[in-house]
Amino acid sequence: MKTLIALAATLSLAVPAFAADSLADISWIQGQWRATQADGAVVTETWLAPEGGVMPGISRTIEGAKGRVEFMRIDEKGGQIAFTAIVGRQPPTTFVAKSRTADEVVFENPAHDFPQRIVYRRCGEKLCAAIEGTMNGKLQRMEWTYDRVN
């Protein structure tokens, strides 16, 4: 039993806690990105560099002659990275980073109606993004592949 406890203590020290991650680890998201969807809609996401513990972002979708905007931010809260979306007149919704690799970060909020997960992944020179979760009892996923604009 002592060996098992010692092994568990050693492993907990050897594997850094996710909470120790910082915005610098996902700074590859910064920049201006554009995706054209199959229906012709154009989505542009712009992320500023992480500074002062926050990465502000804005998303604009143009469908025909009509546009809509979503404000976003990724920040460090209580030692964790969190994504907050502000859509229309809805209250802000926060998703906490649950996993991260050098090329991907997954934010989750299981209590949110849809989506419950937001994923950003570095795809070579492109930025891949997805939202996913359960809606009306069915698993749903929407994906975007962005080209760097600048």
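Author: Glu-143 counts as exposed, at 56% relative accessibility. The cut-off for that label is over 50%, so 56% passes. This is a predicted model, and every value here is computed from it.

Glu-143 has a charged partner. Its side chain meets that of Arg-141 in a salt bridge, at 2.6 Å from N to O. Arg-141 is partly exposed, with a relative accessible area of 42%. Arg-141 also meets Glu-132 in a salt bridge, and here the N to O distance is 2.2 Å. Glu-132 is buried, at 15% relative accessible area. The cut-off for buried is under 20%, so Glu-132 falls inside it. Shared partners extend the picture: Arg-117, Glu-132, Arg-141 and Glu-143 are joined into one network of salt bridges.

Now the strands. Strand β9 spans residues 126-135 and pairs with β10 in the antiparallel sense, over nine bridges. Thr-134 stands opposite Leu-139 in β10. The hairpin of β9 and β10 has two residues between the strands. Asn-136 takes a positive phi there, near 55 degrees. Strand β10, residues 138-148, is also joined to strand β1, residues 31-36. That pairing is antiparallel and has two bridges. Arg-34 stands opposite Asp-147 in β10.

How many salt bridges does the structure hold? There are eight. One of them is between the side chains of Arg-100 and Asp-25, at 3.8 Å from N to O. Arg-100 lies in strand β6, while Asp-25 is in the loop between α1 and β1, so this pair ties together parts that are 75 residues apart in sequence. Both ends are partly exposed: Arg-100 at 24%, Asp-25 at 29%.

A covalent link comes next. A search of the whole structure finds one disulfide. Cys-123 and Cys-128 form it, with their sulfur atoms 2.1 Å apart. Cys-123 is partly exposed, at 24% relative accessible area. Cys-128 counts as buried, at 10%.

Turn to the aromatic rings. The structure holds five aromatic pairs. The rings of Phe-83 and Phe-95 have centres 6.3 Å apart and planes at 70 degrees, so this pair is edge-to-face. The pair links distant parts of the chain: Phe-83 in strand β5, Phe-95 in strand β6, 12 residues apart. Phe-83 is buried, at 1% relative accessible area. Phe-95 is buried too, at 1%. Phe-83 also pairs with Phe-107. That pair is tilted, with 5.6 Å from centre to centre and 45 degrees between the planes. Phe-107 is in strand β7, residues 104-108, and is 24 residues apart from Phe-83 in β5. Phe-107 is buried, at 0% relative accessible area. Ring pairs link Trp-47, Phe-83, Phe-95, Phe-107 and Tyr-120 into a cluster.

Last, the surface. Ile-58, Val-69 and Phe-71 make a nonpolar surface patch of about 240 Å². Ile-58 is found in strand β3, residues 54-63. Ile-58 counts as partly exposed, at 34% relative accessibility.

Back to your charged side chain: Glu-143 is exposed, and Arg-141 is its salt-bridge partner.

Notes. Residues are numbered from 1 along each chain as its sequence is written. This is a predicted model: local features need pLDDT of at least 70, side-chain atom pairs count only at pLDDT 80 or more; totals for chains, interfaces and linings use all residues. Side-chain values use heavy atoms; hydrogens and water are left out. Rings of Phe, Tyr and Trp (its six-membered ring) pair if their centres lie within 6.5 Å; planes under 30 degrees apart count as stacked, over 60 as edge-to-face and the rest as tilted. Helices (H or I, at least four residues) and strands (E, at least two) are DSSP runs, numbered from the N terminus. Buried means under 20% relative accessible area, exposed over 50%, partly exposed in between (1.4 Å probe, protein chains only). Two strands pair if DSSP finds at least two bridges between them. Patches are made of residues with over 30% relative accessible area and no salt bridge: like charges are joined within 9 Å, nonpolar side chains (Val, Leu, Ile, Met, Phe, Trp, Tyr) within 5 Å. Accessible areas come from the Shrake-Rupley method with a 1.4 Å probe; for residues, only the protein chains shown count as cover. A salt bridge is a side-chain nitrogen of Lys or Arg within 4 Å of a carboxyl oxygen of Asp or Glu. A disulfide is a pair of cysteine sulfur atoms within 2.5 Å.
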